[in-house]
Each structure stands twice: as structure tokens, then as C-alpha cells.
Amino acid sequence: MADIAIHRLVKMFGAEPAVNDISLHVADREFLVLLGPSGCGKSTLLRLIAGLETPTSGELFIGGSLMNLVPPKERDIAMVFQNYALYPHMTVNKNITLGLRLRRTPPTTIKSRLGRAAEWLELAELLNRAPRQLSGGQQQRVALGRAVVREPKVFLMDEPLSNLDARLRVNMRAELVKLHRRLGTTIVYVTHDQIEAMTMATRVAVMRSGIIQQYAPPLDIYRRPVNKYVATFVGTPEMNMLPAVVRRNGETWDVVGAGIQLSLPQTWQPSEAIGTDHEVWVGVRPEEISILPNDDEMPGLPALIDVVSPIGGTTLVYALAGHATIVAEVPSGLSPAAGDRIRLAFNPTGVHVFDRQSELAICGCRA
Amino acid sequence: MSAAGAGVFQSARNPRGAKTKHIAVYLALVLACLVTAGPIVLLFATSLKQTYTRAIDFNSLIRPDFANYRAIWTELQFGQWLMNSLIVAISVTVLILFLDSLAGYVFARMRFRGRDPLFAVLLATLMVPLPVTLLPLFLFANELRLINTFQALIYPALAYPMGVFMMRQFIQTIPDELDDAARIDGMSDFGIYVRVILPLCVPGLAVLGLYTFMSQWGSLLWPLIVSTSERTRTIPPGLATIPGQFATNWGLTAAATVSSLFPMLLVFVVFQRFLRQGFGGGRSTKG
């Protein structure tokens with residue numbers, strides 16, 4: 001049992017809070033990804049869990065025990081670092097087994113665990129090499145091996161894939177998911193790469209300025225972002241945002257903006273009472289936009305195609321509508337050309353509405 | 001290097017100009033060699049003859065007489081001086097390597113109140129010239145009854161802020177992540193210092209060690225003041241005692257001086273490969 005409970009955790013660096021009053025519960029066997037841009041406090045939160053930083057206030061529990069003053073080595077955690085942090089003066093073998101040797105693990109246990117890790121990570125041939133003789137991917141595997149042989153309660157990973165080339169990164173993502181499934185350990189993983197978050201996490205915590213914006217399974221974050229920040233941070237290309245107002249239309253609500261006139265589905269109801277013509281941001285993901293011919297009979301927002309970027313299965317269309325550039329992701333069979341006049345139609349069930357002032361979602365769609 | 005490189009580059013277009021430049025470069029190099037090596041050759045030549053004059057005479061290089069090299073062991077206490085110098089230089093070097101790397105580690109890695117002001121004070125002591133401290137140090141040593149002891153030679157040399165500064169700079173080039181990894185692996189602060197920092201500091205330690213050994217080996221002023229007996233006299237003050245009242249046996253003096261250079265040379269030969277790394281600006285720990 002190794003759940004992590006964080007209660008009102010604060011870490012100040014000088015007068016600046018790096019982690020600002022965070023409360024979080026990570027269930028046992030969860031694969032949590034802390035997602036956010038650099039400087040959002042995600043690495044600090046990870047280091048607090050590791051015990052490499054001491055919290056300014058708040059409490060941290062691992063497996064039910066208070067960890068605030070427990071040194072890292074007694075927390076039963078293992079960590080994988082962005083730059084691997086292999087000891088340059090030790091062989092691969094020594095790098096992997098040092099933690100076990102320092103804990104006076106019996107040599108036979110060390111040997112069997114090393115053997116298993118080396119086999120799984122295909123390191124058997126490299127055990128007597130120095131880290132500088134290895135490629136980036138191999139160093140990464142050694143760093144993983146060092147964590148795995150410890151058989152810890154919790155794995156902490158600080159952007160472990162960011163120094164790998166794109167292909168290796170995709171492979172390692174799959175390997176990490178398998179590792180999680182096989183070991184059944186709790187993993188806390190820090191990244192700024194939302195693809196990593198979406199593909200590996202069982203839960204994602206999106207962070208900004210030391211605060212968790214949303215903590216939910218990855219698809220929930222994608223489909224029901226709680227605020228404009230999460231909506232635009234998650235998803236590539238990012239969600240289109242247009243200023244508009246919401247207006248009551250009998251039982252339902254309409255979105256009205258420059259060139260936009262859209263009826264929201266019946267399920268859309270504001271979570272709290274709002275006046276008519278309430279100022280909002282309307283968010284639509286590129287894949288929720290379809291392209292129609294420019295015809296006065298057709299509904300949708302008139303636009304002029306600026307750039308067309310085929311990306312294989314689909315095509316990204318960057319279209320100018322007034323001052324805004326709107327990105328639509330359309331099947332590659334459609335072949336619009338730059339300079340074409342078109343109409344952009346938004347799928348009403350894929351529309352997100354955020355309060356203009358607070359930037360909070362007024363109501364999630366697709367409930 | 002760049003001048004020679006430019007010469008080579010020009011030679012393709014302007015052979016005559018390049019030749020003149022080459023000659024000028026080599027003349028300058030020959031001159032530099034003469035200035036550097038000349039006195040050493042003269043010293044060596046003098047040591048190979050029985051002489052009480054300082055005449056410049058290189059004939060002894062052709063017909064060397066090694067009598068002076070035998071005499072330094074019998075007529076002088078050279079063996080004693082050598083042993084004393086070794087005791088002092090090795091003790092100071094070992095202790096400085098330990099203390100300065102430990103202090104450098106603390107200044108580079110530990111976070112504590114007043115660290116930076118303390119480091120500034122440490123650096124400020126670099127500005128104090130040695131002669132200013134001689135008198136207070138002597139009074140101190142006298143008060144502690146350390147005159148004519150090895151402690152008097154060793155202790156003051158241990159306060160070496162430049163070494164702390166050097167080691168701190170060197171340790172700062174070692175990635176912090178290694179400390180974090182070591183901490184999670186289960187090492188204490190001192191464990192990290194011994195198992196991670198020290199092995200990665202070898203080039204820096206080599207430079208510091210060599211420099212310390214060298215300066216202790218050649219140290220004259222302070223040993224001259226605090227060791228007045230043969231028991232603790234080191235080589236430099238020993239050499240200073242050779243000149244007699246009426247005549248100086250220059251051959252003997254030169255032989256003793258040349259002999260005193262050998263341990264230094266040996267240390268250099270052994271450690272030179274680390275030196276190149278050390279002066280090369282830290283160490284790359286990235287694979």
C-alpha cells in the first residue's frame with residue numbers, strides 16, 4: 001500500500017511560493033503525471049515527495065506515514081532524473097546496485113535483481129561499461145534499472161524522456177506503461193509534454209504557478225477542462241478561443257460572437273445563474289470544426305484559408321476569421337487550398353464555454 | 001599558436017613573407033627558452049664542479065665531477081632537510097586536500113544562513129599579504145610553544161582560502177542531480193562527499209595538491225623564522241645556511257639545490273595527466 005496524501009503543502013523559495021497550498025491524493029498503483037510548463041512547480045512538488053526539499057508548511061504522507069521530516073533514503077522511493085544522474089566514475093553495474101549495497105542487501109538478492117533488470121532493460125552486455133561509453137537511450141535504461149532494482153513503493157520520474165530522440169521516446173513511453181503494469185507501483189511522473197501525460201497517466205494533475213488547476217484522468221482533462229488555461233495547455237494544436245456572449249434562447253442557450261451564431265445543446269446549462277449576454281470565451285478543439293463551402297445558405301463562420309498543413313491522416317487548416325486565426329483539423333481527403341473562402345462550422349457538443357473574467361468553465365459539455 | 005597558425009596559412013600565398021615570419025617566431029621561442037632554461041643549465045653546470053666562484057663556465061658539463069652530490073649527504077644535513085621537507089609538504093598537501101575540498105563542498109552545496117557573507121570574508125582574506133601575518137603568526141606560535149616543531153610549519157599553511165575557492169568552483173561544475181541521486185540511493189552528506197564528489201574532483205584535487213606541494217617545497221620565509229634547529233629545518237632554509245662567512249661553496253650549494261628539485265619533478269611527472277584535465281576547466285560529467 002503506497003498511496004501518497006498531500007495536505008496543504010507549501011514550498012517557498014524566498015518570497016515566491018513554488019508550491020502553493022497543494023492538496024492531492026494519489027491512490028496506490030496510480031500513474032500520476034504532473035503536467036505543466038517550466039517553472040510551474042511540478043518538479044518542486046516531485047522533489048518534496050522525494051524528500052529532496054523540505055516543505056515550508058503542510059503535510060505529506062506516503063503509505064499512511066507522515067514523511068515531512070523523513071530523509072529520502074527512508075521513504076522507500078526511487079527516482080529517475082532528467083539527465084539520468086548516473087555516477088560517471090562507476091560502471092553500469094555499480095550504478096545500478098549502489099542503492100542496494102548501501103542498504104546492505106544480501107549479495108544473492110542484489111545479483112538476482114540486477115540480473116532481472118539487466119535482462120528486461122537489455123543491459124547485460126553493458127554492465128562493465130562506464131556511463132560515458134553509453135548512448136543517451138542506454139543511459140536512460142541504466143537510470144531506470146537503478147530505480148527498478150530497488151523495488152520501491154513509489155517511483156518518481158522527473159522528465160526522464162525529454163533528452164531522448166523522438167522515436168526512442170515513443171518506445172520508452174510504451175515501456176514505462178508496461179513497467180507500471182508489471183510492477184504495480186505508484187508512479188509520479190513530471191513532464192511538460194502533454195502527449196506523455198495523455199498516453200501514460202491514469203491521472204493527470206495540470207499545474208500552473210504552484211497550483212493544481214485540474215486533477216483528473218487524462219481524457220477528462222481533454223474533454224472537460226475546468227478552465228481556459230487547462231483547455232489551451234492540453235491538446236495540439238491548442239483549442240481555439242474566441243470572445244463571445246451567451247444568450248438565453250427559451251430553454252437552451254446560444255453563443256453569439258463576431259460571425260458566430262450557435263445553439264448550445266440542451267445539456268448545456270450554466271452551473272450558476274448568469275445574466276443574458278454574459279461575456280465568455282468560446283473554446284473549440286480543431287477536430288470539432290468542419291469546413292463547409294462558402295455559401296450564404298450555409299451556417300458557420302466565414303473565413304479565409306491562410307495555411308494548409310497536411311500531417312498525414314488529417315490536415316490542419318489555419319483560417320482567418322476577422323482578427324482571429326482558427327485552426328481546424330479535417331480529414332486529409334478534403335483538399336482545401338490557401339486563399340479559399342470557406343465557412344467554419346463548430347460541432348455544438350464540442351464547444352467549451354469559459355467565463356471571460358474568471359476564465360473558469362461555465363459548464364462542461366458532453367456530460 | 002595563432003601566430004604560427006597564421007604563418008602556415010599565409011605560406012600558400014606568400015612564401016617569402018611566411019618564411020620571415022617563421023624565423024621571427026622561432027627566434028622569439030629560442031629567446032624564451034634561453035631565458036627559462038639558461039639559469040637551470042648554469043645551476044646544473046655549477047653543481048658538477050668544485051668551485052668557490054660564480055664564474056659562468058659550462059666545461060663541467062663535458063667533464064662532470066659528482067663529488068658535490070656525495071658531499072651534500074656528508075658535509076650537509078641534506079638527508080635531514082629532505083626528510084623534514086617531505087614530512088611538511090606531504091602533511092600540508094594531504095590536509096589541505098581534505099580540508100579545502102570539504103569546505104569547498106559545503107560552500108558549493110549546503111544551504112545555510114550566512115553562507116555567502118562567510119564566503120566573501122574567506123575571499124577577502126586573500127587580499128592580506130603574507131608578510132602582514134608573519135609577526136602575529138610568530139607571536140601566536142611562540143605563545144603556543146610551537147617554535148621548532150613541525151606543527152609550526154604545518155598549521156599556518158592549512159589556512160588556504162584560495163584552495164577552498166578553487167574546490168568550490170570545481171565542485172559547482174558537478175551536476176546537483178548526482179547529489180540528489182546519491183541521497184535517494186541512501187548516502188549521507190559525508191557519504192556523498194566521499195563517494196561522489198571526491199572521485200569526480202580528482203583533476204581539481206591534482207591541481208590543488210600539486211600547487212600546495214610546490215609552494216610548501218619552496219617555502220623559505222616562514223620556515224626560516226620558526227625553525228632554527230636542524231631537527232625541523234626544511235630544504236629552502238637549509239640551503240640558505242650553506243653560504244659560509246668568508247667563502248661560499250657554490251658547487252655544493254648548486255648540487256643541493258639541484259637535488260632538491262628532483263622530488264618536485266617526480267611529483268610533476270606522476271600527476272601531469274590530471275593537471276591537463278584540471279586546468280582544462282572542470283570535468284564533463286555528461287556521457
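Twelve residues of domain 1 of chain B are in contact with eleven residues of domain 2 of chain B, where contact means that the C-beta atoms, placed from the backbone, lie within 7 Å. This is a predicted model, in which local features need pLDDT of at least 70 and side-chain atom pairs count only at pLDDT 80 or more, while totals for chains, interfaces and linings use all residues. Residues are numbered from 1 along each chain as its sequence is written, and chains are lettered from A and ligands numbered from 1 in the order in which they are written.

**Domains of chain B**

- Domain 1 of chain B spans 2-70 and domain 2 spans 77-279; such bounds come from an automatic or database domain assignment.
- The C-alpha centres of domain 1 and domain 2 of chain B lie 32 Å apart.
- On the side of domain 1 of chain B that touches domain 2, α2 (15-47) and α3 (67-74) of chain B are the elements that give two or more residues.
- The largest share of that side, four residues, comes from α2(B).
- By residue type, that side of domain 1 of chain B has four nonpolar, six polar and two charged residues. Here Ala, Val, Leu, Ile, Met, Phe, Trp, Tyr, Cys and Pro count as nonpolar, Asp, Glu, Lys and Arg as charged, and the others, Gly among them, as polar.

**Chain B as a whole**

- Chain B has 14 helices and zero strands; helices (H or I, at least four residues) and strands (E, at least two) are DSSP runs, numbered from the N terminus.
- Of the 287 residues in chain B, 29% are buried. A residue is buried if 20 or more other C-beta atoms lie within 10 Å of its own, exposed if 12 or fewer, and partly exposed in between, with C-beta atoms placed from the backbone.
- Among the contacts in chain B with a separation of 6 or more, 74% join residues 24 or more positions apart.

**Where chain B meets chain A**

- Chain B brings 15 residues into contact with 21 residues of chain A.
- On the chain B side, α9 (176-185) and α10 (189-200) each supply at least two residues, and the largest share, seven residues, comes from α9(B).
- That side of chain B divides into eight nonpolar, three polar and four charged residues.
- In chain A, helix α2 (residues 92-102) has buried residues including Val92(A), Ile96(A) and Leu100(A).
- The buried residues of α2(A) pack against α3 (107-120) and α4 (136-148) of chain A, together with α9 of chain B.
- After α2(A) comes Arg104(A), with a positive phi near 55°.

**The sheet in chain A**

- Six strands of chain A form an open sheet in the order β13-β12-β11-β14-β20-β21, with antiparallel pairing; two strands pair if DSSP finds at least two bridges between them.
- Its edge strands, each pairing on one side only, are β13 (260-263) and β21 (361-363) of chain A.
- From one strand to the next the twist averages 40°, with axes fitted as lines to C-alpha atoms, for helices over the stretch in contact, and angles running from 0 to 180 degrees between N-to-C directions.
- Strand β12 (residues 252-257) of chain A pairs with β13(A) in the antiparallel sense over four bridges, and Val256(A) stands opposite Gln261(A) in β13(A).

**A loop residue in chain A**

- Asp296(A) lies in the loop between β15 (289-293) and β16 (301-310) of chain A.
- Asp296(A) counts as exposed because it has 6 C-beta neighbours inside 10 Å.

Terms used:
Contact = placed C-beta atoms within 7 Å.
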